[in-house]
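Subject: Model handover and notes

Hello,

Below is the structure for your files. My notes on it follow.

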Amino acid sequence: MAGHGFSHTPVEVPAVRTRYRTIQTALPVPESLPILQKLYDCESRSMHGQLPVVWDRAEGFQVHDAWGNTWIDFTSTIFVTNAGHGNAEIIDSLQAVLRKPLLHSYTYATKERADYIERLVTVTPAQFEKAFLLSAGTEATECALKLMRLQAAKAGKKRPGILCFEGNWHGRTMGAQMLSWNPAQKEWIGFLDPNIFHLPFPYPWREEAMSDPAGYFERSMAVLCAENGLDPSTDLCGVMMETFQGWGAVFYPEVFVQAVERFCRKHDLLLAFDEMQAGFGRTGRLFGYMHYGVEPDLLCCGKGAASGVPLALVLGGREIMDLPDIGSMSSTHSANPLVCAAGLANLNVLLDGGMLSRVEELGTRLHGGLRDIQRDHPSHLAHVLGRGLLAALIFNDPEGRPLSGLCDRICEEAMRRGLLLVHTGRESIKIAPPLCIEPDALSEGLQVLREVVRDEIARS
Ligand SMILES: Cc1ncc(COP(=O)(O)O)c(C=O)c1O
């Protein structure tokens, strides 16, 4: 069967029946193959390559297919369903809008939008006075790019330079790809933005970055300015950074980010965080940047903003957010009453319902379990990174070579045993259960992972 990376030949697997997992068919389920085939026939292959599970229902921290199989979900789809799959409060809020009915309003005012935006700017730190609602994360990072450049023009800067980081990723549209690192993904554009610059990332395995993180930033900044003839005060207008580097949940050292902030303040640059994966409770704080002790000017969010409906947003100060003139920035489906109602319910669940306050303790359990796995396999499992209910396992061989094939096999085998993991296609596996996961379900998932890692390393 074409259009996929994983085997689509049904395999008889041992039956699993626990409190949280059921596997009772061959996998992939033979009856699911026509559905997969329909997608491979009719849809761009760019959407394919995923584990061959056809989702039928998802509730809380479990995913069900139509043939009686149930998985513990360590993905939250892709860091989206933070409040849990099919969260009842979110569904109730959607149903209330559907029953009116009110499906769409474009930029005509609705109470749903007013109530959501007001709550959003109330519960977020004081510098975020206004929000811009969008549908996709890539729109949010593009919006921040535009705001930085409008601010550069207003401030009379000579060049609208933006600093970004090696290895970061900000979305698939053109501006977002320019901000992102991956040079191969930008080839289709045919040219590079001469005012977007990338600085080296302080990876934990870079000795010179770890021994003096602030100095590492300052030295690389000095090199960049010398190589490009830049005066930071007149030729740069902003910094865009992923709160942690996505593929491997790689956080920056705190003092590194604080040095970036000092640089921004000194040279009058806007500091923006791409909180797509980090936002809305994932790391144990409402936003991931809060671990760094800095105060960004702009936040770009999406994914977990409404735990399952397409809501993205940018938050910032009044002056910056009002730079685009009336009508000069909008998006047809943004501010949809349904997504606003869901966004408000999402905030209620995380903040008033206490879901956010569970994350730290659950995160301690998660990271403790992952470190136990690492202790068993030090020559394969090079790093366990992340915070809160977000983790990445990075598999390298003893010479530091990436073991991406091993990661593929671990994801596939975990799926056969009733556990879904985030498959990155690289030498990392990411883990991000919904924040509502029960402690014993988290432990059960960790035990499955431990056995799968052991078996797949033994087989390799
Ligand atoms: C860090 C980061 N920024 C931006 C995006 C783009 O978001 P979207 O796919 O909603 O456009 C993603 C999505 O994976 C992301 O992880």
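The radius of gyration used here is taken over C-alpha atoms, and the globule rule is 2.2 Å times the number of residues to the power 0.38. With 460 residues, that rule puts a compact globule near 23 Å; the protein has 22 Å, which agrees.

Two points on provenance. This is a predicted model, in which local features need pLDDT of at least 70 and side-chain atom pairs count only at pLDDT 80 or more, while totals for chains, interfaces and linings use all residues. Residues are numbered from 1 along each chain as its sequence is written.

Of the 460 residues, 47% count as buried (20 or more other C-beta atoms within 10 Å of the residue's own; exposed is 12 or fewer, partly exposed in between; C-beta atoms placed from the backbone). Among contacts between residues at least 6 apart in sequence, 73% join residues at least 24 apart, a contact being two such C-beta atoms within 7 Å.

Next, two helix pairs. Axes are lines fitted to C-alpha atoms over the stretch in contact, with angles from 0 to 180 degrees between N-to-C directions.

Helix α8 (residues 213-228) packs on helix α10 (residues 254-267) at about 45°, the axes being 7 Å apart. The pair is therefore oblique (under 35 degrees is roughly parallel, over 145 roughly antiparallel, 65 to 115 roughly perpendicular, the rest oblique). On the α8 side the contact includes Tyr216, Phe217 and Met221, and on the α10 side it includes Phe256, Val260 and Phe263. By class, this contact has 10 nonpolar, no polar and 1 charged residues (nonpolar: Ala, Val, Leu, Ile, Met, Phe, Trp, Tyr, Cys and Pro; charged: Asp, Glu, Lys and Arg; polar: the others, Gly among them).

Helix α14 (residues 404-416) and helix α15 (residues 439-459) cross at roughly 130°, with axes coming within 9 Å; α14 and α15 are therefore oblique to each other. Arg409 and Glu413 are among the α14 residues that meet α15, whose own contact residues include Asp455 and Glu456. The contact divides into 7 nonpolar, no polar and 4 charged residues.

Lastly, a loop residue. Thr332 lies between α11 (318-321) and α12 (337-352). Thr332 counts as exposed because it has 10 C-beta neighbours inside 10 Å. From Thr332 to Arg387 is 55 residues in sequence and 35 Å in space, C-alpha to C-alpha.

Regards

Methods
Helix = DSSP H or I, 4+ residues; strand = E, 2+ residues; numbered from the N terminus.
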